[in-house]
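Please keep the sequence and the structure in view while reading.

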Amino acid sequence: MAKLATSEAPQMIGLDWGTSSLRAFLIGSDGTVLAERNGSDGIMAVGPDTDDLRGDFSRIAQTAIGDWIATYGPLPILACGMIGSTQGVAEAGYLDLPTDLSAVGRHLTSVELTIGELHIVPGLQKTPTEAAAPDVIRGEETQLLGLLDAEQDESTTVILPGTHTKWVSCQGKHVTDFSTSMSGEMFGLLSTSSILSRLAEPTDDFHPEVFDWGLSVGGDDPAALTSSIFSARTWALNGRLRAEEVNDYLSGMLIGAEVAGQLRTTADPTGPVIVCGTADLSMRYSRALRQQGRQAADADPRAAATGLFRIAEQSGLVPTKENIND
């Protein structure tokens, strides 16, 4: 258990430890993020042939948060994400659907690192049926807990865009279903390693008209996506698409087809939709939703930190407000 501290003092360290990145949060007693760091030392920074798994991950943790420990003393350290996978420091397992996010803190896995005890959040899994394949979430469950209002009980669809985008159906704080889309990874492969990339010129500029055109192509007939994609090449050859516009057109097609398909199969037809991702991806998904007649609610950009704090409260790693006031 953490010692009681003033409201200005840190109560815990939260880690969102993914495949390619590591986000570290120094969190106060009310869940406020006092400091934040972003690095590229995800779990892939440790090679599969290492003979000192804990030592390697300990060194990464020391670099990321060692000075916080030195300054503030031992603090509870809670991590979510791929650090709890079979490729991480210790497998944290999965909770089956439907899952009550309010109970996630009772299922932590702990491992001793040189910097201190690391507590890891489990993922979520959907078991297969005759009609549906198995699916898994790891890390997003913590974001969900940070995004969903503690008092709400309505049906909500949460979209977590990324390399593997998650569409999650929630009833209050219960996760009832989810689905994974690989649109992000498909875009990465097509825009860098396919014949389409030969005519594309990467740019940081956004071309909204071209993106919206792609949304229409993909959204109007999602089932025809594999045929529609080739038009990114033919329109470029024709001259209607400039080289710097090809990737936005391709992005629009992929996201448009994904959003149209998921709205028909996964999303609640009337409940609110929350999009939580990077600013660029959230903008693209919100734009696609509007084209389909749906609006996206504002998301907490630090949802992972909020979720980590709430899980720490559930597990007793930090005191709850009730305990602080007693």
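Predicted model: local features only at pLDDT ≥ 70, side-chain atom pairs only at ≥ 80, totals over all residues.

In which loop is the place of Pro 98? Pro 98 sits in the loop between β5 and β6 (99-100).

- Leu 97 and Pro 98 are linked by a cis peptide bond, with omega at about -10°.

**Strand pairing around β9**

- Strand β9 (residues 123-126) pairs with strand β5 (residues 94-96) in the parallel sense, and three bridges connect the two.
- Within this pairing, Gln 125 in β9 stands opposite Asp 96.
- Strand β9 is also joined to strand β10 (residues 135-137) by three bridges, and here the strands run antiparallel.
- In β10, Val 136 is the bridge partner of Gln 125.

**The nonpolar cores**

- In soluble globular proteins, nonpolar side chains tend to be buried together.
- The largest nonpolar core contains 34 residues, and those with the most contacts inside it are Met 12, Leu 78, Leu 144, Val 158, Val 168 and Val 175.
- At least two residues of this core come from each of β2 (22-28), β4 (77-80), α2 (140-147), β11 (155-160), β12 (165-171), β13 (174-181) and α9 (303-315).
- Helix α9 provides the largest share of this core, with seven residues.
- Apart from this core lies another, of 27 residues, which includes Ile 13, Val 111, Leu 113 and Ile 120.
- Leaving aside residues up to four places away in sequence, Leu 78 touches a set of residues including Met 12, Ile 13, Leu 108, Ile 120, Leu 308, Ile 311 and Ala 312.

**The cavity**

- One cavity of 30 Å³ or more is present in the structure.
- The largest cavity holds about 30 Å³ of space.
- Its lining is formed by Leu 15, Trp 17, Ala 61, Ile 65, Ile 77, Leu 113, Ile 115, Gly 116, Glu 117 and Leu 118.
- By class, the lining of the largest cavity comprises eight nonpolar residues, one polar residue and one charged residue.
- At least two lining residues come from each of β1 (10-17), α1 (53-72) and β8 (116-120).
- Strand β8 gives the largest share of this lining, three residues.

Note on methods
Residues numbered from 1 in each chain as written. Heavy atoms only, no water. 1 Å grid on protein atoms, 1.4 Å probe; cavity = no way out; pocket = protein on both sides within 12 Å on 5 of 7 lines; lining within 4 Å. Points joined across faces, edges and corners; volume = space filled by probe spheres on them. Helix = DSSP H or I, 4+ residues; strand = E, 2+ residues; numbered from the N terminus. Nonpolar A, V, L, I, M, F, W, Y, C, P; charged D, E, K, R; others polar. Pairing = 2+ DSSP bridges. Core = buried A, V, L, I, M, F, W, Y, C linked by side-chain atoms within 4.5 Å. Buried < 20%, exposed > 50% of the residue type's maximum accessible area, 1.4 Å probe, protein only. Contact = heavy atoms within 4.5 Å.
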